[in-house]
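Morning, everyone. I have one structure to walk through today. Please keep it on your screens while I talk.

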Amino acid sequence: MDIAAYMAEVGQQARAAATLIARSTTDVRNRALLATAEALDAARGELAEANARDLASGQANGLDAAMLDRLELTPARVDAMIEGLRQVASLPDPIGVITDMTYRPSGIQVGKMRVPLGVIGIIYESRPNVTVEAASLCLKSGNATILRGGSESIHSNQAIALCLARGLAEAGLPESAVQVIKTTDRAAVGELITMPDYVDVIVPRGGKGLIERISRDARVPVIKHLDGVCHVYIDSHADPEKALSVAVNAKTHRYGTCNTMETLLVDAEIAADILPLLGDAFAKKGVELRGCEQTQAILANITAATEADWSEEYLAPVLAIRVVDGLDGAIAHINRYSSQHTDSIITENYTRARRFITEVDSSSVMVNASTRFADGFEYGLGAEIGISTDKIHARGPVGLEGLTSQKYVVFGDGHIRN
């Protein structure tokens, strides 16, 4: 296959489809989403068969447990894809909404209107459910999309692509509005991120190496986050039951996700009381603990944490623990080592909670809640295209609004500038 020619054709088709999608009605786009949900439900057998092929290949190629977990399409995950499509269909359509209308002294009215970005290229690894999440949000927000999944999920992604094509056809929309790249050749990625004539935004979802490469080589804007070094800080004013429950969930609910807690911070005032409870709970879950000197003095036989542990995204049953000098110590640690993804405080003190959410510079900050909630579906976005830790345009879980831009609109009645 001539990769350059193939990707140019994909880009041309996407640009043409973007024009049709942008002017389609909300009802038509919703019909495509709901028809895709029905197609997925009807194709459970085909999806399971395709996913089994990917899992078998992954095991043969030595993929680790975290990668295989991301790759697996369980019945529950198929259910979640279907529910996500229906939820996105039920969300308000941001396209065409005009806000901030004001009269200027000249007599003109000036406001802003939400518009699609155009063509969105999405590059991701392992998780085939991302194919549906990304396609649904791009479609609902009036964008065409080009999806390039990892080679390890090629069969699953192509099976999902057939369902998406059926949904689009049912609604009378071009199948090229959502294109899933058919080749596993890595050269396709290089072409996709350097096609500014056809692609408006790139969203990479995957490991740090992939995202660093995309950020370095892309010739179009990139919406991204590099790491998910998430923290939970247990304050001296925390409810012990809440602290235990949230900390265990934040770490052990799923190990291979970017919103999993990687470092636990504990106020020195309560460390001697709560760390033994936490140590027992994590031991039962099989989590390896790496602690600072104060943590080691309280919890026997745990590994000493190194400087590298404080900025490590393990994506595994490993947790760094540090005893800190109150809220000031926690905020200082987080703002030094955090990847600005998600950080949470456990406290019953309103003033400390307010300080934490004000002074911690992350895309999601939480009070008495697990970091695992940092997710587009949980935030009511229907699904997410990814997490952004950038500070321009979109930050945090990126849903419909993050996939739009604004343009100024001006209304006059024959007004001329004097």
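First, a term. A patch here is made of residues with over 30% relative accessible area and no salt bridge, and nonpolar side chains are joined into one patch within 5 Å. Bear in mind that this is a predicted model.

Now find the patch. Ile 98, Met 101 and Phe 411 form a nonpolar patch on the surface. Together they have about 240 Å² of accessible area. Take Met 101. It lies in strand S1. Its relative accessibility is 31%, so Met 101 counts as partly exposed.

Next, the sheet around S1. It is an open sheet of three strands. The order is S1-S2-S16, and the pairing is antiparallel. Which strands stand at the edges? Strand S1, residues 98-103, and strand S16, residues 404-411. Each has a single partner strand, so one side of each is left without a neighbour in the sheet. From one strand to the next, the twist averages 20 degrees.

Look at the S1 and S2 pair. S2 covers residues 109-116, and four bridges join it to S1. These two run antiparallel. For a landmark, Thr 102 stands opposite Val 110 in S2.

Move on to a second region. Strand S12, helix H14 and strand S13 make a right-handed β-α-β unit. The helix spans residues 350-359. S12 is residues 342-346, and four bridges join it to S13. This time the strands run parallel. Thr 342 has Ser 364 as its bridge partner in S13.

Stay on S13, residues 364-367. Which side chains are buried there? Ser 364 and Met 366, which point to one face.

Last topic: backbone angles. Most residues other than glycine have a negative phi. Here are two that go the other way. Asn 368 is not a glycine, yet its phi is positive, about 55 degrees. Where does Asn 368 lie? In the loop between S13 and strand S14, residues 387-388. Asn 368 is partly exposed, at a relative accessible area of 28%.

Then Leu 315. It also is not a glycine, and it has a positive phi of about 55 degrees. You will find Leu 315 in the loop between strand S10, residues 303-304, and strand S11, residues 318-324. With a relative accessible area of 27%, Leu 315 is partly exposed.

That's my tour. Over to you.

How values were computed:
Residues numbered from 1 in each chain as written. Predicted model: local features only at pLDDT ≥ 70, side-chain atom pairs only at ≥ 80, totals over all residues. Heavy atoms only, no water. Buried < 20%, exposed > 50% of the residue type's maximum accessible area, 1.4 Å probe, protein only. Pairing = 2+ DSSP bridges. Right-handed = clockwise from strand over helix to strand, strands pointing away. Axes fitted to C-alpha atoms, helices over the stretch in contact; angles between N-to-C directions. Patch = residues over 30% accessible without salt bridge, like charges linked within 9 Å, V, L, I, M, F, W, Y side chains within 5 Å. Areas by Shrake-Rupley, 256 points an atom, 1.4 Å probe, with all protein chains shown as cover. Salt bridge = Lys/Arg side-chain N within 4 Å of Asp/Glu carboxyl O.
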